Amino acid sequence: MKYNDIDFNGKTILITGGAGFIGSNLAFYFQENFPQSSIVVFDKFRSEEKFSNGNLKSFGHYKNLIGFHGDVICGDLNSKEDIKALEAYDFDYIFHEAAISDTRVYDQEIIMQTNVNSFYDILEMARRMNAVLVYASSAATYGSLPSPQTVGKEHPENPYGFSKYAMDQIAYRYMNIYPDMTIVGLKYFNVYGAREFFKDKTASTVIQFGHQILSGKAPRLFEGSDKIVRDFVYIKDVIQANIKACAPKKNGVYNVGTSKPRSFQDIADILQKELGTDYGTEYFPNPFTGYQMHTQADISTSKEYLGYTPEWELEAGIKEYIDEIKTLYKTEVAHG
Ligand SMILES: NC(=O)c1ccc[n+]([C@@H]2O[C@H](COP(=O)([O-])OP(=O)(O)OC[C@H]3O[C@@H](n4cnc5c(N)ncnc54)[C@H](O)[C@@H]3O)[C@@H](O)[C@H]2O)c1
């Protein structure tokens with residue numbers, strides 16, 4: 001599937017965070033659609049180290065890259081030396097996905113160091129190499145502002161959201177100082193789809209509910225989940241946005257969602273339909289205060305300046321994803 005006329009064959013492409021969910025999908029997208037492109041994945045991969053919330057410090061997993069033929073560099077965004085190793089290449093495109101992606105890490109120092117300090121290095125590398133830079137921002141920059149969430153009206157409410165907000169401010173400054181550079185930030189909403197499993201508890205509820213149902217249990221949802229809605233966006237729409245971001249009408253930061261928010265109850269119900277079960281739902285009280293009850297991306301500027309048009313309804317995305325959910329249950333959960 002090609003989303004525009006750009007020919008990435010013969011181009012050298014860096015994907016930071018390429019062993020993670022979105023990054024590995026980008027790597028395979030280029031490998032499959034542009035076999036003559038040179039793809040370089042840079043990722044810290046996982047170690048045994050955990051944050052105080054019990055989650056791993058980085059989620060990159062080799063299994064996301066089985067079948068990938070490009071270069072793989074294990075490196076840390078926090079190491080100047082590791083980033084320097086990338087100078088051996090001359091990148092045409094940089095997709096910067098690497099980050100602490102866990103929204104519930106509250107150690108501000110490590111989040112700011114990893115997500116923000118390294119961004120200066122990535123921007124400088126893009127400038128020196130004259131590379132197009134597309135980087136991952138986040139809907140977390142909006143905090144709990146009411147829908148629709150609109151670029152330019154942010155109010156982050158956790159260190160992760162602030163780190164992405166700070167990246168956007170730095171990117172805006174670069175866009176002003178270096179108008180000849182191509183720089184686009186993408187504020188992803190709730191992404192789901194293939195290769196998210198190794199994000200463990202931070203993976204989307206689509207796979208988490210899917211695996212609860214496959215274990216023979218009713219999916220466990222917060223009370224009132226029919227009224228808690230999010231802008232869930234399928235990985236293929238995220239790929240589309242990244243490709244279109246390589247030829248923007250205007251540099252900027254853009255929302256990537258569907259603008260059609262759906263409830264957590266919808267997800268559970270669609271999954272049960274796809275899996276042919278009728279277990280009902282188990283409800284429990286929502287333990288979080290200040291929980292975001294409604295997100296809906298305003299994608300008007302993404303349409304206008306990127307030509308981005310979401311193509312995947314929740315039903316269609318889950319239908320396409322369901323076989324992978326079943327396979328992962330067999331290979332990683334039931335016998336994991
Ligand atoms: N998935 C979503 O719903 C979503 C929503 C908004 C924003 N984002 C952003 O999109 C990007 C990709 O997210 P994802 O869902 O693929 O998450 P992910 O955790 O699967 O991918 C991030 C990758 O970065 C790597 N990484 C972490 N720390 C690193 C470091 N210090 N040096 C090098 N690599 C490091 C991890 O190993 C991992 O492979 C992230 O920047 C994330 O913040 C994702």
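Analyst: Helices (H or I, at least four residues) and strands (E, at least two) are DSSP runs, numbered from the N terminus. This is a predicted model, in which local features need pLDDT of at least 70 and side-chain atom pairs count only at pLDDT 80 or more, while totals for chains, interfaces and linings use all residues. Residues are numbered from 1 along each chain as its sequence is written, and side-chain values use heavy atoms, with hydrogens and water left out.

User: Where is Thr258 placed, and what makes it buried?

Analyst: Thr258 sits in the loop between strand E11 (252-256) and strand E12 (262-263). Buried means under 20% relative accessible area, exposed over 50%, and partly exposed in between, with a 1.4 Å probe and protein chains only. Thr258 has a relative accessible area of 11%, and is therefore buried. Leaving aside neighbours within four places in sequence, Thr258 is in contact (heavy atoms within 4.5 Å) with Asp231, Phe232, Val233, Ile299, Pro310 and Trp312.

User: Why is H5 called largely enclosed by the rest of the structure?

Analyst: In H5, 7 of the 10 residues are buried, so the helix is largely enclosed by the rest of the structure. The buried residues are Thr205, Val206, Ile207, Phe209, Gly210, His211 and Ile213, and they pack against strand E7 (190-192), strand E8 (220-222), strand E10 (232-234), H7 and helix H9 (314-334).

User: Why are H5 and H7 called oblique to each other?

Analyst: Axes are lines fitted to C-alpha atoms, for helices over the stretch in contact, and angles run from 0 to 180 degrees between N-to-C directions. Angles under 35 degrees count as roughly parallel, over 145 as roughly antiparallel, 65 to 115 as roughly perpendicular and the rest as oblique. Helix H5 (residues 205-214) and helix H7 (residues 264-275) pack at an angle of about 45°, with their axes 10 Å apart, and H5 and H7 are therefore oblique to each other. The residues of this contact divide into 9 nonpolar, 3 polar and no charged, where Ala, Val, Leu, Ile, Met, Phe, Trp, Tyr, Cys and Pro count as nonpolar, Asp, Glu, Lys and Arg as charged, and the others, Gly among them, as polar.

User: What makes H3 roughly parallel to H4?

Analyst: Helix H3 (residues 108-129) and helix H4 (residues 159-177) pack at an angle of about 20°, with their axes 9 Å apart, which makes H3 roughly parallel to H4. By class, the contact of H3 with H4 has 14 nonpolar, 3 polar and 4 charged residues.
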